[in-house]
Amino acid sequence: MSPSAPAPPPPKGVAGRIDYDSWEKRTSDLAKQLDDEEEAERRANAEALGHGKHARSAAEAAERAKAEDVEKTKKMLDAYKKREEGVVESLTGLLGSVEGGGGEEKHQEVKYVTRDVLGAGKRVINISDSKGPGKIVLTQDLSNLESATPANATLQAKSYPGDAENREQMPQPTIHRGLIKLNLRNLHNCTVVVKCKIITGTVEISHCEDVTLIAEGDDATVVTVQADLCTNLDVQFHDSPSGKNVPLRVRDTTSGPTTTLFWGQDQDDRIYHAGVSKLRVATYRDGFVDQETRADYLEDGAKSVGNSAAEEVQFVTSVVNGELTTEKVLSAGEAKGMKQGARPMTERELKVLEKKKSQIEEALEEKLKGMVQIKDANGKTLVKAPGEKASVDDVVEEVYASATKEEIDGIVASIEEQKAKGNEAFTSGEYAQAVLFYTMALDRAAELPDATSVTERLSSGAAPTEKLEQLFPRHIVLSNRSACFLKLGHHEKALKDGVDAEKLDPTYVKGIFRKGLALHAMGRYEEAIKSLAAAQKLEPKNKQIKQALQFAEVRMTQEVRKRLQG
């Protein structure tokens, strides 16, 4: 049965073949046309229902603004994800497919990964789905890869003929050399040798069997290894540097190694592992084993608890008191709300922190000499006279409104964790992600009992002259988030955070400085000069503040000139 209207013949390409590119373009055009029609229909329906361009109420306006912010954030995150994917080089099957082989004897291969292997802009390497026997070597050549962190765009002045500002030395991008990160997944019966610098110092290993990871030489900066669900994993450090290593400046054939601090000589050099059986960790010096230890998650006591499998229990191997030691990482509940930054904690470290906390509390108690201070729900301070014995119903610790000291400590620890994640994201150039972490920290800080006094200070129109005492220094987080907004080009938001940081602590120079940078970026040079001058007064020797102030003064002079000529 033939159709009433014959379909157009498929477009022909070279030698009579179907031109699939033409079909793809036609399909794309039709899809766009349908999307445009649906959007036009949606707008027409919205107009019919009274949902026009302008909001009908303050609540609707607020809701629209919120939706726009969510959409902007989504676009930023999508752009970040796209940028992140653009730096990843995936190398699969370097030594042969995992599915192939079938027990045949194979010649041991050696594959070298150099800069020539990587695509343009690739700085993260994923090596996966490969089966040996063989060796994969990440050569020292990869240490020459360059990644640039751009300088503050607000300090980049345009060039004007005969302008004095042209002679000023502009801030240059920061250049980082080496790989950013290395990921190993689903490798079997092979050795991976790292001879290059890894900027983050991080190697992640998962679902590997009979694999040896070797960090070898002065450039092999492997600080932290995260291993999950592996069997027969051997991690070796051959004269490789610690994360805190400060290399010697002179390097030639007679100066010897440039490493001054070897892996394991700093407490942050660690191997985290979960679900890893038959793990061996060893450090080598001059070709000989210096330290060695073995671990197995089942032998070390990992057990299923509730919905959590034994493979989810995390352990850490590091050098403790001069020896390689494996310890169990505590869960959030086991850590009793205590934190040491963003780093997981062991039972030994918990005891150390508890001891320090006890010493501090004893010193405070001695200083207060029995004075117990209580704040009621209205913020009124009640002070017992020294020596007066508290009744059984009295609260021994200081109470802020309805929160106990333990509750406050738990909230502060959570804020510290989000702030640490924000700092890490900022350092990596992930500014949108850093904004989210800093915002989460500030949201958590809003749960602290001193939130009312903070809100009052921020909403006050007067310029405070004294620092507001807080349970957590919010002005630092606000200043950090302001720096992120500056990087992202959101100058109004950067200004607001800078202003709020200054209100909470008028002596915090970073908050004042970032407020000045935001004003400068918005073209409000006269106000920027006042803020930057105030920052310089606090830190007269700060070259960055001095340079920013000079730029603002030049811009102000140019604006005055234009007005006079105009």
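Mentor: Let us start with burial: a residue is buried under 20% relative accessible area, exposed over 50% and partly exposed in between, with a 1.4 Å probe and protein chains only. This is a predicted model, in which local features need pLDDT of at least 70 and side-chain atom pairs count only at pLDDT 80 or more, while totals for chains, interfaces and linings use all residues. Residues are numbered from 1 along each chain as its sequence is written, and side-chain values use heavy atoms, leaving out hydrogens and water. As a case, Phe-426 has a relative accessible area of 26% and is therefore partly exposed.

Trainee: How is a pair of aromatic rings described?

Mentor: One gives the distance of the centres and the angle of the planes. Rings of Phe, Tyr and Trp (its six-membered ring) pair if their centres lie within 6.5 Å; planes under 30 degrees apart are stacked, over 60 edge-to-face, and the rest tilted. The structure holds two aromatic pairs. Phe-237 and Trp-263 are stacked, at 3.9 Å centre to centre with 5 degrees between the planes.

Trainee: Which parts of the chain does that pair link?

Mentor: Phe-237 belongs to strand β11 (residues 231-238), and Trp-263 to the loop between β11 and β12 (270-274), 26 residues apart. Helices (H or I, at least four residues) and strands (E, at least two) are DSSP runs, numbered from the N terminus. Phe-237 is buried because its relative accessibility is 2%; Trp-263, at 5%, is buried also.

Trainee: Why is the pair of Phe-426 and Tyr-431 edge-to-face?

Mentor: The planes of Phe-426 and Tyr-431 stand at 65 degrees, with the ring centres 5.3 Å apart, so the pair is edge-to-face. Tyr-431 counts as buried, at 12% relative accessibility.

Trainee: How many residues of helix α9 are buried?

Mentor: Eleven of its 13 residues are buried, so α9 is largely enclosed by the rest of the structure. Among them are Ile-512, Phe-513 and Leu-517. The cover over the buried residues of α9 includes α7, α8 (491-504), α10 (525-538) and α11 (543-565).

Trainee: What is Asn-480 in contact with?

Mentor: Contact means heavy atoms within 4.5 Å. Asn-480 lies in helix α7 (residues 474-488) and is buried, with a relative accessible area of 15%. Apart from neighbours within four places in sequence, Asn-480 contacts Lys-419, Asn-423, Tyr-438 and Arg-514. Arg-514 is one of the buried residues of α9.
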